[in-house]
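Have the sequence and the 3D view ready.

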Amino acid sequence: NAGVMQNPRHLVRRRGQEARLRCSPMKGHSHVYWYRQLPEEGLKFMVYLQKENIIDESGMPKERFSAEFPKEGPSILRIQQVVRGDSAAYFCASSPPSQGSYEQYFGPGTRLTVT
Amino acid sequence: GEDVEQSLFLSVREGDSSVINCTYTDSSSTYLYWYKQEPGAGLQLLTYIFSNMDMKQDQRLTVLLNKKDKHLSLRIADTQTGDSAIYFCAEWSSNTGKLIFGQGTTLQVKP
């Protein structure tokens, strides 16, 4: 059973470009979470999604950031018009529906660098 | 709001025991976790403890929970150089449904 997969692992964008980060949850998992890790800091919750639903987006910046988890395909975290402050590692986690969100399995992360 | 605090750095000699401490504020925390992160890598779940437990042991790892003081610790016995990493404490509450992380403790193991 493959783990949580994220791609790309590294992404470089110029200021003003768009960044798209993908996350494929573990097989059978229907809950996805996105976290951001700024340099020298812990992970901060961004958003919690189920298939076709945003459950909690209390950690998402109000502008430029959006997330989706369609019926088919991976979850996407989209950052429009990136700025240097968006440079961070973005981690996705997934959990099985029967266990709630307390057992979250993390992907390897996408490291975004904005130049 | 919820908050999780850790000391930032710990240095030990190879073969010694390491104890990493964490405090949290959310009294409704249901599960508490320890994750390990090596440079440039993702998070590896080391262990977690349910809030009605005081202690959990798994090979070289011992987790102690003092719920009254909202204090969690991770003890690593016979610390090896391969244990050098950043260790994150995290808590999960059924009220919020999300993991709240501390800022991480860098463990340096000297040969």
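Which residues does Ser94(A) touch, not counting residues up to four places away in sequence? Keep in mind that this is a predicted model. The list starts with Val4(A), then Pro25(A) and Met26(A), then His29(A), His31(A), Val32(A) and Tyr33(A), and it ends with Glu103(A), Gln104(A) and Tyr105(A).

So where does Ser94(A) sit in chain A? You'll find Ser94(A) in strand β9, which covers residues 88-95. Is Ser94(A) buried or exposed? Ser94(A) counts as buried because its relative accessible area is 0%, and buried means under 20%.

| Partner of the Ser94(A) side chain | Distance |
|---|---|
| Side chain of His29(A) | 2.7 Å |

Now for the pocket. The largest pocket has a volume of about 420 Å³, and 20 residues line it. Which of them lie nearest its centre? They are Gln37(A), Glu40(A) and Glu41(A), along with Gln37(B) and Ile86(B). Two elements give two or more residues to the lining: β9 of chain A and β9 (85-93) of chain B. Of the elements, β9(B) gives the most, with three residues. Sorted by class, the lining holds 10 nonpolar, six polar and four charged residues.

Methods
Residues numbered from 1 in each chain as written. Chains lettered and ligands numbered in written order. Predicted model: local features only at pLDDT ≥ 70, side-chain atom pairs only at ≥ 80, totals over all residues. Heavy atoms only, no water. Helix = DSSP H or I, 4+ residues; strand = E, 2+ residues; numbered from the N terminus. Buried < 20%, exposed > 50% of the residue type's maximum accessible area, 1.4 Å probe, protein only. Polar contact = N/O pair within 3.5 Å; in protein donor to acceptor, adjacent residues only side chain to side chain. Contact = heavy atoms within 4.5 Å. 1 Å grid on protein atoms, 1.4 Å probe; cavity = no way out; pocket = protein on both sides within 12 Å on 5 of 7 lines; lining within 4 Å. Points joined across faces, edges and corners; volume = space filled by probe spheres on them. Nonpolar A, V, L, I, M, F, W, Y, C, P; charged D, E, K, R; others polar.
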